[in-house]
Amino acid sequence: MKKLLLIVLCTLFIVSCSNKKTVIISGKIAGGNPLERIEIVEMSGVATLPIANFGVDAQGNFSDTIQIPKNGVYTLSYGGNYGVVYLKGGENIRLSGNAGGFPREFTVEGDSKNNVFLQKTKSYVDNYFSKINQDIITQDEPKFLGQLKKFKSDLNKEMDNLAKSTGADNDLVKWKKEELNVNLLGISGQYAIMHGQITNKPNFKVTQAYKDFQKELTGNEDEKIKNFPLYREFLINTIGQDFQAYAMKNQKPNVTTTEQFINYVKDKKEYSQLVKDYLVSFVSRIDMNPQQPNSDKLIKVLDENIKDSDVKAGVKKIEEAIYGLKIGASAPSVDFIDVNGKKVASSSFNGKPTLIMFYASWNPYMAESVVPMVKELTNTYKSKMNIAYVSMDDNTAAFKKSAVALLTGLDGQKLYAKGGLKSDAAQKFALYGFKLPSFLILDKDGKVASRTFMNIMDPEFKTAMDKISGITGPAIVLPQMQMQPTPAPAPADSTKVKTEAKAK
């Protein structure tokens, strides 16, 4: 009996723990377009990659169950608009709005108190700063410093009032106050840089009192660097001129900006190793792009110099998202299904080189641009290669419909990664909505033979296809319209979210 009770308690514990990171999000976008996707991005992470991507139906309805890494504020995007939303494990929220404004503006029902706090705080802060004299940066330092202290006092007091009236969670209120401190640091940093220029005082330097207030705003720097990309940007701006001078003085051939920055920051005793790790990961974005020569060298340098495991993991995700899987490594072992529901293992591709096209029917470029080019491509290389079209649609019905509507007349296997962007294949092949469609070449032994291409007009793609197949194919002709990958979501720092609570 005791053993049975223990099993039940353990089961309940596991369920409760798992629910802490699960959020049900649903709603309706009036005038919503099924070709547009809703994406959710964690704002504080190193990678800032989508953690969820889902669509709306013909009536604009949407619903998804998502896993969040932690309770917090997330960026929400749809149709080129951006907003913010607070997500908490175990909650069920319903959002609604109009296609022209969502998610800049939306109403929220269900578990709503935290989003009401966000909305009311944002409204108050916007109104508060709209009344501030925009020439404050020209004020002398004591007066300007007094203004910053007043901003901090007034806004913190109002946040406390709003927290009481809405019942917002303490961790959100604390986060919002810390966000205010980071924004005030940004303002103070701009003052230190620009005041002398604007007032024609080239030798102007802030006093120790000013630096002490900045230190007060900084507080626990390790926590700020983890939670606020804007703080990372503040630090980079603070040391920007000094680093530029260092880089000019220490120029060397074939040395990336990232390597220079690592050498520059390694002896900065005022920064903890964690701060240095986040700053290095932030700067590395300059060098990370698919055309970057010596990407293996850059990846190795980052791995050797970044010590924190969470930062390492975030940088690894960025690397995989940008470069795809490592060339020469064995391709991930995954199972797909065909249009008849039969399981097809990725290992079945072995024996011949394989081109895999990962796609989704909701991508607006598929019918007009992608499919015509792919048809010419497969006609050229099909005698020497396997061709596999892997759908990343949300469900089997959408896959079967797209296999007929989009891929009729194309030679090759029409397959589905069950679960789409939530599938095992999506994780193992580092696929996101902004990477669809994308193309990957495997050799006859099932090893990765190319980086992941998001544009088959890239000359390197044809070179890789010719090399793996032994065929010199004709130039890939662009149809009528340039194919462009769907862009990754941008930060929502300056967006306006209008929420109204309708408690159930």
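The questions and answers below concern salt bridges and strand packing in a predicted model.

Q: How many salt bridges does the structure hold?
A: The count rests on a side-chain nitrogen of Lys or Arg lying within 4 Å of a carboxyl oxygen of Asp or Glu. By that criterion, the number of salt bridges in the structure is 23.

Q: Which residue forms a salt bridge with D64, and how many residues apart are the two partners?
A: The partner of D64 is K422, and the closest N and O atoms of this pair are 2.6 Å apart. D64 belongs to strand β4 (residues 61-67), whereas K422 sits in the loop between β13 (413-416) and α14 (424-428).

Q: Is D64 buried or exposed?
A: The relative accessibility of D64 is 10%. Because buried means under 20% relative accessible area, D64 counts as buried.

Q: Which helices are tied together by the salt bridge between K177 and D160?
A: K177 and D160 form a salt bridge in which the closest N and O atoms are 2.6 Å apart. D160 lies in residues 141-166 and K177 in residues 170-198, so the pair ties together parts that are 17 residues apart in sequence, namely helix α3 and helix α4.

Q: What is the N to O distance in the salt bridge of D303 and K312?
A: D303 is partly exposed, with a relative accessible area of 49%, and K312 also counts as partly exposed, at 27% relative accessibility. The side chains of these residues meet in a salt bridge, with an N to O distance of 3.1 Å.

Q: Which residues are buried on each side of strand β14?
A: Strand β14 (residues 438-442) is mostly covered, five of its five residues being buried. In a regular strand the side chains alternate between the two faces of the sheet. Both faces of β14 are covered, with S438, L440 and L442 buried on one side and, on the other, F439 and I441.

Q: Which residue stands opposite S438 in β14?
A: Strand β11 (residues 354-359) runs antiparallel to β14, and five bridges join the two strands. The residue that stands opposite S438 is F358.

Conventions
Residues numbered from 1 in each chain as written. Predicted model: local features only at pLDDT ≥ 70, side-chain atom pairs only at ≥ 80, totals over all residues. Heavy atoms only, no water. Helix = DSSP H or I, 4+ residues; strand = E, 2+ residues; numbered from the N terminus. Buried < 20%, exposed > 50% of the residue type's maximum accessible area, 1.4 Å probe, protein only. Pairing = 2+ DSSP bridges.
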